[in-house]
Amino acid sequence: NQDYLLTIGIPTYNGETPIRDSIESIISQFSDINMSNVELLISDNNSNDLTVDIANKYKLLYPNNIRIVNNQQDDLKLDGNLLNLFKNAKGQFVWILSDDDVLEKIAINYVISIIKKYKNDLGVIMTNYSECDYQLQYKKKKS
């Protein structure tokens, strides 16, 4: 399925503490993008905390752009959860984030512009990132 240009995928397990900030950093950019280009897919690995409840609250706000896949197997681990994410993605390209990743303010628009410009020649896109503490203060720059 390629209903979207980009799937932003978040594999998670018991991510109730960080996932809210991660989702907020994504949906805060929805007003700046063509919504038909992007879906947010959260693949939950059978969490036993409030991760799915938190994700469902955001899904109610953006039912056409946020999906949640609930993995019922306890033994999927990260590898299986990632594979499940790719299997269920409806985007031509898939951008994997961790449940504690927060995007810069123009990140989605920038990635979409790169995809549109080079999409016939792309296989993989590598993005820059920075390490931050829990108050989102930069620890060190990486690229």
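Author: A residue counts as buried under 20% relative accessible area, as exposed over 50%, and as partly exposed in between. The model is predicted.

Asn14 sits in the loop that runs between β1 (4-12) and α1 (19-27). The relative accessibility of Asn14 is 28%, so this residue is partly exposed. Its backbone deserves a note: phi of Asn14 is near 50°, which is a positive value in a residue other than glycine.

Asn46 belongs to the loop between β2 (38-44) and α2 (51-61). Phi is positive here too, near 65° for Asn46, again in a residue other than glycine. With a relative accessible area of 25%, Asn46 falls between the cut-offs of 20% and 50% and is therefore partly exposed.

Asn34 is placed in the loop between α1 and β2. The side chain of Asn34 makes a polar contact of 2.7 Å with the side chain of Ser36. There is also a pairing across the sequence to record: Asn34 and Ile112 are 78 residues apart along the chain, while their C-alpha atoms are separated by 9.6 Å.

To put the backbone and surface values side by side, Asn14 has phi near 50° and 28% relative accessibility, and Asn46 has phi near 65° and a relative accessible area of 25%.

Definitions and conventions. Residues numbered from 1 in each chain as written. Predicted model: local features only at pLDDT ≥ 70, side-chain atom pairs only at ≥ 80, totals over all residues. Heavy atoms only, no water. Helix = DSSP H or I, 4+ residues; strand = E, 2+ residues; numbered from the N terminus. Buried < 20%, exposed > 50% of the residue type's maximum accessible area, 1.4 Å probe, protein only. Polar contact = N/O pair within 3.5 Å; in protein donor to acceptor, adjacent residues only side chain to side chain.
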